Amino acid sequence: MDGIIIKGIAGFYYVKVNEEVFECKARGKFRNTGESPVVGDRVRISVMDNMKGTIEDIYERKNILKRPIVSNISKAFVVFAVKHPDINVDLLNKFLIQCEMNDIDVVVCFNKVDLDNDYANNIAIEMVKSAGYDTLILNAKEGLGIEEIKKRLKDNISVFCGPSGVGKSTILNIIAGYEAMETGKISDRLRRGKHTTRHSELLSVESGLVVDTPGFSNLDITFDEKQEIQQYFPEFRSFIEECRFKGCMHFKEPSCAVKEAVEQGEINENRYNFYLRLLEEYEKGGNKRW
Ligand SMILES: Nc1nc2c(ncn2[C@@H]2O[C@H](COP(=O)(O)OP(=O)(O)OP(=O)(O)O)[C@@H](O)[C@H]2O)c(=O)[nH]1
Ligand SMILES: [Mg+2]
Ligand SMILES: [Zn+2]
């Protein structure tokens, strides 16, 4: 039978097959190959009795995220609050880059609009929309935007990510219909340490699977080569072909269609400046880390 690992605790893997969950051990061969099953893996299992089984094979992964370790993510809900905490635009851009690198579909959620009457003029929202990302406005406390999230969960393995305190777990609990995740004060007080010590679990919601993550205040991203960076800016794509020079880095080259698009306001300036900073950091850092 084929299924998906939704939880792993102390050497046991819980594998969902249709609506049933089997408690499985991994075959010894995985220990030898160093390939260990992770949450999100699509696996082939053999079943004994009592809903117990053995993982025989792990199918090839589409991607694998490190924090938390989850594979085969198809959609990311990148959640920020318009206020409390304020938006860290660099961090938001880093989340977007990370999703592009892993071939993950992005939905950017701006939560807590009840705290800011002027959110319509928020430059971060404007920036994300202009880059072409699916963007949702939320007030999780009042349930605003929740239906839009539900629609997007269907048939995906999704991840909720973003800084601490923006409302990720609050949103997930509303969708799950029960307190699947702890929220608020406790989570705020203990911050990151709290979730990282716990196992991650895929929750079944709206005919999809979803995993909550602890809030990150920073992300490490590394690039293998400089030319790669521009690929992670989807709004550059249609212009890149128009640049005069093949291999244009859209920096100082003449007749660069990307730079022209920035001047014309067709590419958001903050995004372009962020791109330039990535280039600069890449060239500086011998370890290609920023
Ligand atoms: N005003 C307002 N507060 C909200 C809204 N959504 C969530 N909150 C509050 O924000 C606080 C943090 O919410 P959580 O859901 O715990 O945030 P989180 O993103 O899961 O945080 P971490 O688990 O630390 O990463 C809680 O006190 C929530 O009640 C909203 O739409 N408006
Ligand atoms: Mg949380
Ligand atoms: Zn160019």
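Axes are lines fitted to C-alpha atoms, for helices over the stretch in contact, and angles between N-to-C directions run from 0 to 180 degrees. The structure shown in these views is a predicted model.

**View 1. Packing of helix α2 against helix α3.** Helix α2 comprises residues 89-101 and helix α3 residues 123-130; the two pack at an angle of about 25 degrees, and their axes lie 11 Å apart. Angles under 35 degrees count as roughly parallel, and α2 and α3 are therefore roughly parallel to each other. The crossing in which α2 passes α3 is right-handed. On the α2 side the contact is made by Val89, Leu92 and Asn93, and on the α3 side by Ala124, Met127 and Val128. Of the residues in this contact of α2 with α3, five are nonpolar, one is polar and none is charged.

**View 2. The closed five-stranded barrel.** Five strands form a closed barrel in the order β1-β2-β3-β5-β4, and the pairing is mixed. On average, neighbouring strands of this sheet are turned by 55 degrees against each other, direction ignored. Strands of a sheet pair through backbone hydrogen bonds, in either the parallel or the antiparallel sense.

View 3. Strand β4 spans residues 42-47 and strand β5 residues 52-58; five bridges join them in the antiparallel sense. Val43 has Ile58 of β5 as its bridge partner.

**View 4. The open six-stranded sheet.** The strand order in this open sheet is β10-β9-β8-β11-β13-β12, with mixed pairing among the six strands. At the edges stand β10 (134-137) and β12 (203-205), each of which pairs on one side only. Neighbouring strands of this sheet are turned against each other by 25 degrees on average, direction ignored.

View 5. Strand β9 (residues 105-111) and β10 run parallel and are joined by four bridges. Within this pair, Thr135 of β10 is the bridge partner of Val108. Helix α2 packs on the sheet and touches β8 (75-81), β9 and β11 (157-161). The direction of α2 makes about 180 degrees with that of β8. Helix α5 (residues 168-176) also packs on the sheet, where it touches β8, β9, β11, β12 and β13 (208-212). The direction of α5 makes about 150 degrees with that of β13.

Note on methods. Residues numbered from 1 in each chain as written. Chains lettered and ligands numbered in written order. Predicted model: local features only at pLDDT ≥ 70, side-chain atom pairs only at ≥ 80, totals over all residues. Heavy atoms only, no water. Pairing = 2+ DSSP bridges. Parallel < 35°, antiparallel > 145°, perpendicular 65-115°, else oblique. Left-handed = near helix turned anticlockwise from the far one by under 90°. Contact = heavy atoms within 4.5 Å. Nonpolar A, V, L, I, M, F, W, Y, C, P; charged D, E, K, R; others polar.
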